[in-house]
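Hi everyone, thanks for coming. Please have a look at the model on the screen, and then we'll walk through a few spots together.

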Amino acid sequence: MASWPTVDRLDDKSLALSLRGGDADALTQIYDTYAPWLYEYCHALLRDQTTAAYALHDSLIAATEHVGRLREPERLRSWLYALVRAECMRLRDDPDRPADGYEAPEVEDPLINEADRIQREDTRQLVHSALSGLTGRQREALDLTVRHELTTEELAAVLGVTTRQSAELARQARSHLGKMVGAAMTARSLHDECPSLAALTDTWPLGAEASSKLLRHVENCPTCSEHRPREVSINRLLQVLPVAAAPEDLRTQVLTTATTPEQREDRLALADRAEPLDTAGWPVAAEATRAPQRTGRAPVRAWPIAAAAAAVVVIVGAVMLLMPSGSEEKEPGSSTAALPSEPGDEPSNVPPLESGLPETPAPTTSSARTPTPTPTPTRATPTPTPSRTRATRPPAAPPPPQRGELSVSGCNMGSRSTCSITLRATGGPVNWRVTGVSGPVRASGSGTLQAGETTGVTVGRSSGCPLFGTRSGTVSFSPGGSANVSYC
């Protein structure tokens, strides 16, 4: 994942003040600077490309309405993360949320070659195995501090805890992940030297239970503990995890909803749903209190439908701002709450997703404080209505396409070093990815196939030809299926 650039905090403050003052270009600059990272965070929490787009769309619209309440505009970056997280938690609790999600495609590196791709997938399996042994909150803390490069002060603001609590959470998460990664690396290097390792690591990536057993074995086995690496670069390892690609039309929908006069009621409804906010303008942490379900108008979802025949304003090209490396920040008013407990703070059996963050356990309702939201919250002065003519509100989104099935066919390398597994989608579109391998073979990849389409996945071998017979392995895929691979 690319690193956050470095800029002065005044740039964030300038953006927030411009948005508050009704600058037509401010939201465009904010979207182009922050949206790719915010969408990745939403996707990690929700595991569905459409729901993640809804969360980001609605949060940015709420931000335009509430930016006047942000007491410290220089904290715009972490404030946006806090708004996004609160909306994701609300959507996770929505009883109408679809049971099946469609993962977003990965932002691919066009310069990576096949050998590096295989090596990257091998590293990802190791990292996923280690992450599965962490709690949901620990994984989220690592994701925000390492991949999104938030400071501990910003992490505290997003989670609604104190800076001391966020620093301790991040420290514990890094320490535990370092141990888990070290155990996984030991299993890879000593697989043929310790008989117990083969039974513990027959399939990669490892699940939560297998990772925990592996860690206990490595810590207690004289052979394995002696060879366990003492220093592990957590930052470097987590950078190999993929980034979810935001839908191309999401930008247009956010800007259209934010400026179309006919959608003023929708903007107010989205702002109302983002309540309650504290006196500094920050959303009250979902784990500390959950706002009651509001009645009245429900906002119309503008995304993912393109606004047909809409005369959308031509937005001036955005200035890509640089982000700060992290300076001291004051804690928001709501960050004095105790670090809440989570029902999933024990390791989950759900394997990590490609996003690097398995689903964070749903927040619990605290009876300690449940503030009643103000019926008519104070809002910032509305952005001046553009004089341009806009199309009427787009119709409701159509139901998602019927999920297809994935069929796979194995391959034989012979004496070559690679061969290609054939994938085919039948009955509908399929979002596929390689989920694991067994045996002396290596493979990686992910993508989307429309009904009837086929593609190939290159498989390499990790050992030479035996003197007699053949060697074989298996490559597993999601949403289901596996392919046998043999050589020599």
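At what angle do the axes of helix α5 and helix α8 cross? This is a predicted model, where local features need pLDDT of at least 70, side-chain atom pairs count only at pLDDT 80 or more, and totals for chains, interfaces and linings use all residues. Residues are numbered from 1 along each chain as its sequence is written, and side-chain values use heavy atoms, leaving out hydrogens and water.

Back to our helices. The axes of α5 (residues 114–131) and α8 (residues 163–189) cross at roughly 130° and come within 8 Å. Axes here are lines fitted to C-alpha atoms, for helices over the stretch in contact, with angles from 0 to 180 degrees between N-to-C directions. Helices are DSSP runs of H or I with at least four residues, strands are E runs of at least two, and both are numbered from the N terminus. The pair is therefore oblique, the word for angles that are not under 35 degrees (roughly parallel), over 145 (roughly antiparallel) or 65 to 115 (roughly perpendicular).

Who touches whom? On α5, the contact (heavy atoms within 4.5 Å) involves D122, Q125, L126, A130 and L131; α8 brings L177, M180, V181, A184, M185 and R188.

Next, T135, in the loop between α5 and α6 (136–147). T135 is buried, at 11% relative accessible area; buried means under 20%, exposed over 50%, partly exposed in between, with a 1.4 Å probe and protein chains only. T135 and A208 sit 73 residues apart in sequence, yet 9.7 Å apart in space, C-alpha to C-alpha.
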